[in-house]
Amino acid sequence: MSKVLIIANAELVESKGTMVSSPVTQIMINSFRKAIQEENPTTEVEVISTASLWSNPGLYKNKQDDLLCPLTIQLPEWFQFPNQKIYHDCRQVEYLRQWVKDNLERSTNSLSSQSLGDLWLPVVLTLKGPIYGEVIREGEMPNLYQQPLDLDDKTRQILYCLAHKLLEYLVAPTSVYLIQFSLLDKEVIFDRLWPFPAAPAIASLKVQKPNLFDCHWRCLNNQPILDIFIDSQLPLLSR
């Protein structure tokens, strides 16, 4: 591995030679870069904008020694990297909803629905199996995410079963996943699956050890993760 390339929803301002991204995306990039460099201080890390992938298809095709780590699901079909298949599968949102409905007998959102899931179950999928994190919720303001959310045991077991069977069906590789869902009268409504620590994962930065970006880097390198912990002093959130 000569370099780690982080692919994110950012734009390159050529006149300034800098990347411009949303504040949340920048936190994601910085957190993942920190996780990489704390484990591998000598590793060079470069950020690639999705815009540059779409505008210059040949630019990153031959970097065989680089480790490609997308923090976005919006990627060109021609862009090849180790976990390409699971990203492709996760883009098939309606297909996955139908599979969950047919095979797990769980309610799902429809593409015509105006509502999106406002809760996320983190799943750290290691070589030894899944580790389930505390649920993340969206706060009162946009892009404000909070963890941990208090859920009853029955709801937790439904979520764990859904996550396990869905990831097993997709033959998911080691990574951090977010199961996006909502609750309607305590019924789990499946929305979609994210194959990387998406924006809600920033909630873990101050409350979970190791945080979800650290976990993601360890998963990509097949490093052991024995458990994840939430600060015991934190109060449980409620809906």
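This is a predicted model: local features need pLDDT of at least 70, side-chain atom pairs count only at pLDDT 80 or more; totals for chains, interfaces and linings use all residues.

Reply: Two strands count as paired here if DSSP finds at least two bridges between them.

Strand 11 spans residues 175-184 and is mostly covered, with 9 of its 10 residues buried. Antiparallel pairing joins strand 11 to strand 12, residues 187-194, through 7 bridges. Within this pairing, Phe-181 has Phe-190 of strand 12 as its bridge partner. The two strands make a hairpin with 2 residues between them, and Asp-185 in the turn has a positive phi of about 50°.

Strand 11 also pairs with strand 7, again in the antiparallel sense and over 7 bridges. Here Phe-181 stands opposite Leu-119. Phe-181 is therefore a point of reference for both pairings under the DSSP bridge criterion. Strand 7, residues 119-126, in turn pairs with strand 8, residues 129-132, over 4 antiparallel bridges. Val-124 faces Ile-131 of strand 8 in that pairing. Strand 7 and strand 8 form a hairpin, with 2 residues between them.

The structure holds 9 aromatic pairs. Phe-81 and Tyr-87 form an edge-to-face pair, because their ring centres are 5.0 Å apart and their planes stand at 85°. Both of these residues are buried. Tyr-87 also pairs with Phe-196, and this pair is stacked, at 5.8 Å centre to centre and 10° between the planes. Tyr-87 belongs to helix 3 (residues 84-91) and Phe-196 to the loop between strand 12 and strand 13 (208-209), so the contact ties together parts that are 109 residues apart in sequence. Phe-196 is buried, as is Tyr-87. Ring pairs link these residues into a cluster made up of Trp-78, Phe-79, Phe-81, Tyr-87, Trp-194 and Phe-196.

Among the buried residues are Phe-213, His-216 and Trp-217, together with Cys-215 and Cys-219. At the start of helix 6, a side-chain oxygen of Asn-211 comes to within 2.9 Å of the backbone nitrogen of Phe-213. After the helix comes Asn-222, with a positive phi near 55°.

Definitions and conventions. Residues are numbered from 1 along each chain as its sequence is written. Side-chain values use heavy atoms; hydrogens and water are left out. Buried means under 20% relative accessible area, exposed over 50%, partly exposed in between (1.4 Å probe, protein chains only). A polar contact is a pair of N or O atoms within 3.5 Å; within protein, one must be able to donate a hydrogen and the other to accept it, and residues adjacent in sequence count only if both atoms are side-chain atoms. Rings of Phe, Tyr and Trp (its six-membered ring) pair if their centres lie within 6.5 Å; planes under 30 degrees apart count as stacked, over 60 as edge-to-face and the rest as tilted.
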